[in-house]
Amino acid sequence: MTAPTVPTVPTFPTAPSPRAPRSGAGAGAGIGTARPGSPDLLRSVFRQHAAGVAVITAQDGGRPVGFTATSLNSVSADPPLLSFTIGTGASTWPAVRDSEYLGVHILGEHQRELAGLFARSGADRFGPSTGWAAGPHGVPVLDGVLAWLVCRVVARVPAGEHRVIIAEAVVGDPAGEGRPLLYHQGRFNALRD
């Protein structure tokens, strides 16, 4: 009597661990130069990540405030939630902390100067060169953007010296014309074909 034949399951090579040394042509793709986690490493890696550029606005005691954000993300379609981060040392943090409603503006490539203005510390962001009007819930709405939303803040989540703001879209307009402004390698850039 012979033993029954057991079918064999084919095996496939597994991918090497990203931490394991490699050999051969193209080995490592930078693995050998990996650095320990640090703020500098995170900044260096994210300089390689192209991000859209937004301006977040709010009211602070009846005056408009705002800042440039490249951390804007869609969180959920239903309910319509988005998120962004802000440092607790930022001049606009008190307004964001205390506001029920915020404006979110997607900038076009024609708005590099506006992005720079809202990114500069101490700048007169709502001076004569900035077109805007009071929108729904009194939120400042910028002129000429690709799209804007007024959102109700639903959470402020601690994350180190920052807060992740989660907000629900209440009203907005996606009908602006142009192409999006991007942030890459520490600069505002136009989208290339």
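This is a predicted model: local features need pLDDT of at least 70, side-chain atom pairs count only at pLDDT 80 or more; totals for chains, interfaces and linings use all residues.
Let's start with Thr85, which is partly exposed because its relative accessible area is 31%. On that scale, buried means under 20% relative accessible area, exposed means over 50%, and partly exposed is in between, using a 1.4 Å probe and protein chains only. Thr85 sits in strand β5, residues 81-87. A quick word on those labels: helices (H or I, at least four residues) and strands (E, at least two) are DSSP runs, numbered from the N terminus.

Residues are numbered from 1 along each chain as its sequence is written, and side-chain values use heavy atoms, with hydrogens and water left out.

Back to Thr85. Which residues is Thr85 in contact with, leaving aside neighbours within four places in sequence? They are Phe67, Ser71, Arg163 and Val164, where contact means heavy atoms within 4.5 Å. The C-alpha atoms of Thr85 and Val157 are 9.2 Å apart, although 72 residues separate the two along the chain.

Now let's zoom out to the sheet. Seven strands make an open, antiparallel sheet, and the order is β3-β2-β6-β9-β10-β5-β4. Two strands count as paired if DSSP finds at least two bridges between them. The edges are β3 (63-69) and β4 (73-76); each has a single partner strand, so one side of each lacks a neighbour in the sheet. On average, neighbouring strands here are turned by 35° against each other, direction ignored. For angles, axes are lines fitted to C-alpha atoms, for helices over the stretch in contact, and the values run from 0 to 180 degrees between N-to-C directions.

Let's walk along β6. β6 is joined to β9 (residues 147-159) by six bridges, and the two run antiparallel. One of the residues to look for is Leu102, whose bridge partner in β9 is Cys151. His105 is also in β6. Is His105 buried or exposed? His105 counts as buried, because its relative accessibility is 0%. A polar atom of the His105 side chain lies 3.1 Å from the backbone nitrogen of Leu142. Not counting residues up to four places away in sequence, His105 touches several residues, among them Val53, Pro140 and Trp148.

Ser99 counts as buried because its relative accessibility is 9%. A polar atom of its side chain lies 2.6 Å from the backbone oxygen of Ala95. Beyond its neighbours within four places in sequence, Ser99 is in contact with Ala58, Gln59, Val153 and Arg156.

Next, helix α3. Residues 112-119 form α3, which lies across β2 (54-60) and β3 and runs at about 110° to β3. Its buried residues are Leu114, Ala115, Gly116, Leu117 and Phe118. These pack against β2, β3, β8 (140-142), β11 (181-184) and β12 (187-190).

That brings us to the hairpin. β11 and β12 pair in the antiparallel sense over four bridges, and His184 stands opposite Arg187 in β12. Two residues lie between the strands of this hairpin, and Gln185 takes a positive phi near 55°.

Finally, the whole chain. There are three helices and 12 strands, and 31% of the 193 residues count as buried. Among contacts with a separation of 6 or more, 60% come from residues 24 or more positions apart.

How values were computed. A polar contact is a pair of N or O atoms within 3.5 Å; within protein, one must be able to donate a hydrogen and the other to accept it, and residues adjacent in sequence count only if both atoms are side-chain atoms.
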